[in-house]
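Here is my note on the model you sent. Please read it with the structure open.

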Amino acid sequence: MEIGIGIPNTVRGTTGPQLLEWARRAEAAGFSSLGSIGRVAYPGYEELTVFAAAGAVTERIRFLTDVLLAPTRSTAELAKQAASVQELTGGRLTLGLSVGGREDDYRLTGREFSARGRTFDQQLADLRRAFAGEALLEGSRPVVPDAVRGGVPILIGGTSDAAIRRTVEHGVGWTAGGAPPQLVAPFVQRVRAAWQEAGRAGSPRIVALNYFSLGDTEQRSRDYLLDYYGVFGRETAEMIAGSAHRSPAAITDVIAAFAEVGVDELLLDPTVPDPAQVDLLAEVALG
């Protein structure tokens with residue numbers, strides 16, 4: 001199982017120089033990917049912009065939006081943005097996409113929350129067309145640069161039947177988000193079974209994300225997660241804040257648990273912005 005690390009694009013107080021230093025250290029340490037989380041209705045850095053900048057200061061490490069809320073953007077905008085990052089980073093981007101469950105992200109972008117599933121289905125079909133260099137509207141021109149023909153790999157997030165269908169129809173695999181390994185395991189089996197039943201070649205790529213912090217950071221870590229997930233109510237936010245892995249033993253255990261589940265890559269997402277967290281995690285997770 002590969003081990004990636006998130007980049008603190010949504011952690012309050014993170015600076016631009018910290019994000020770039022984080023990317024440099026993550027590559028030097030040997031992490032497989034940099035992952036992002038993101039919302040519109042929260043004061044964080046936009047994911048694809050961060051990855052374009054990170055790509056300029058790295059050469060190898062991959063980038064994964066885990067997840068980007070696709071229906072809060074137009075398909076043309078998303079295709080153009082993702083294709084631009086893909087070309088600028090030398091093909092290192094994977095789009096982890098889903099619909100999200102917070103209405104304020106949709107209100108702010110003028111999108112219809114109740115129609116997000118239908119919108120997402122159409123987007124996935126249209127992204128394939130856009131990445132192939134086709135026009136999205138009759139009489140219009142393609143939106144993706146010629147150099148990026150062939151597209152950007154897509155992972156689908158979510159735990160609904162629709163998420164499985166979308167994974168099989170449009171994705172290279174599935175991302176589990178922030179769920180613990182015992183909840184991820186049965187869904188991994190469902191995704192793999194559906195993949196085989198659909199006659200897809202090979203196996204779907206399975207990615208999971210969990211939160212971490214190391215050192216004397218527990219209160220800052222908890223405060224951030226309580227703030228970020230406060231929209232779901234105090235009880236849910238407390239549960240998520242309490243689930244972050246904050247000791248070397250906890251991180252070692254969760255890595256072993258996700259490997260047992262059969263996850264291909266685990267992203268450990270930061271809850272404090274100090275780039276020293278990259279080195280602390282590398283000592284534990286990469287040996």
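1. Start with Gln-86. Leaving aside residues up to four places away in sequence, Gln-86 touches Gly-91, Arg-92, Leu-93, Val-148, Gly-151, Val-152 and Pro-153. Contact here means heavy atoms within 4.5 Å. Gln-86 is found in helix 3. Is Gln-86 buried or exposed? Gln-86 is buried, at a relative accessible area of 8%. The cut-offs: buried is under 20% relative accessible area, exposed is over 50%, and partly exposed lies in between (1.4 Å probe, protein chains only).

2. Ground rules. This is a predicted model, where local features need pLDDT of at least 70, side-chain atom pairs count only at pLDDT 80 or more, and totals for chains, interfaces and linings use all residues. Residues are numbered from 1 along each chain as its sequence is written, and side-chain values use heavy atoms, with hydrogens and water left out. Helices (H or I, at least four residues) and strands (E, at least two) are DSSP runs, numbered from the N terminus.

3. Helix 3 against helix 5. The axes of helix 3 (residues 75–88) and helix 5 (residues 116–131) come within 10 Å and cross at roughly 50°. Axes are lines fitted to C-alpha atoms, for helices over the stretch in contact, with angles from 0 to 180 degrees between N-to-C directions. Helix 3 and helix 5 are therefore oblique to each other. On the angle scale, under 35 degrees is roughly parallel, over 145 roughly antiparallel, 65 to 115 roughly perpendicular, and the rest oblique. From helix 3, Thr-75, Leu-78, Ala-79, Ala-82 and Ala-83 meet Gln-123, Asp-126, Leu-127, Ala-130 and Phe-131 of helix 5.

4. Helix 5 against helix 6. The axes of helix 5 and helix 6 (residues 161–170) come within 11 Å and cross at roughly 10°. That makes helix 5 roughly parallel to helix 6. Helix 5 brings Gly-117, Phe-120, Asp-121, Leu-124, Ala-125 and Arg-128; helix 6 brings Arg-165, Arg-166, Glu-169 and His-170.

5. Helix 9. Which residues of helix 9 (residues 234–243) are buried? They are Ala-237, Ile-240 and Ala-241. They cover an arc of only 100° around the axis, which puts them on the same side of helix 9. The arc is taken from the directions from the helix axis to the C-beta atoms. On the other side, Glu-235 and Met-239 are exposed. The cover over the buried residues of helix 9 includes strand 7 (205–212) and helix 8 (218–228).

6. Check one peptide. Asp-66 and Val-67 are joined by a cis peptide bond, with omega about 5°. Val-67 sits in strand 3 (residues 62–69).
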